[in-house]
Amino acid sequence: MIEKKIKVMLLDDHPAIRHGIAMAIDLEDDMTVAAQCSNVEDAIKIISNGSIDIVLVDISLEGG
């Protein structure tokens, strides 16, 4: 039986932080990083298609 993986989007303006979090998430069997964004505008475009389950957002992100 194939279980659906939780699709996570990372929203942070620091590439190193996104990369580190992505590596940790990819170690999980039930989650996958489906998208990475550095700004709110790009994130909204991706979220609007409905393919993301969870968004991890930088609490100090500019513009958001």
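Two strands count as paired if DSSP finds at least two bridges between them. Strands (E, at least two residues) and helices (H or I, at least four) are DSSP runs, numbered from the N terminus.

The model looked at here is predicted, with local features needing pLDDT of at least 70 and side-chain atom pairs counting only at pLDDT 80 or more, while totals for chains, interfaces and linings use all residues. Residues are numbered from 1 along each chain as its sequence is written, and side-chain values use heavy atoms, leaving out hydrogens and water.

On to the sheet. β1 and β2 pair in the parallel sense, with 6 bridges between them, and here L10 sits opposite Q36 of β2. To get from β1 to β2 the chain goes through α1, a β-α-β crossover that is right-handed (with the strands pointing away from the viewer, the path from the first strand over the helix to the second runs clockwise). On to β3: strand β1, residues 6-11, is joined to β3 by 4 bridges, again parallel, and M9 has V55 in β3 as its bridge partner.

Put together, 3 strands make an open, parallel sheet in the order β2-β1-β3. That leaves β2 (31-37) and β3 (54-57) as the edge strands, each pairing on one side only. Neighbouring strands are turned by 25 degrees against each other on average, direction ignored; axes are lines fitted to C-alpha atoms, for helices over the stretch in contact (heavy atoms within 4.5 Å), and angles run from 0 to 180 degrees between N-to-C directions.

Then there are the helices. Helix α1, residues 15-26, lies across β1, β2 and β3 and runs at about 165 degrees to β2. Helix α2, residues 40-47, also lies across β1, β2 and β3, running at about 160 degrees to β1.
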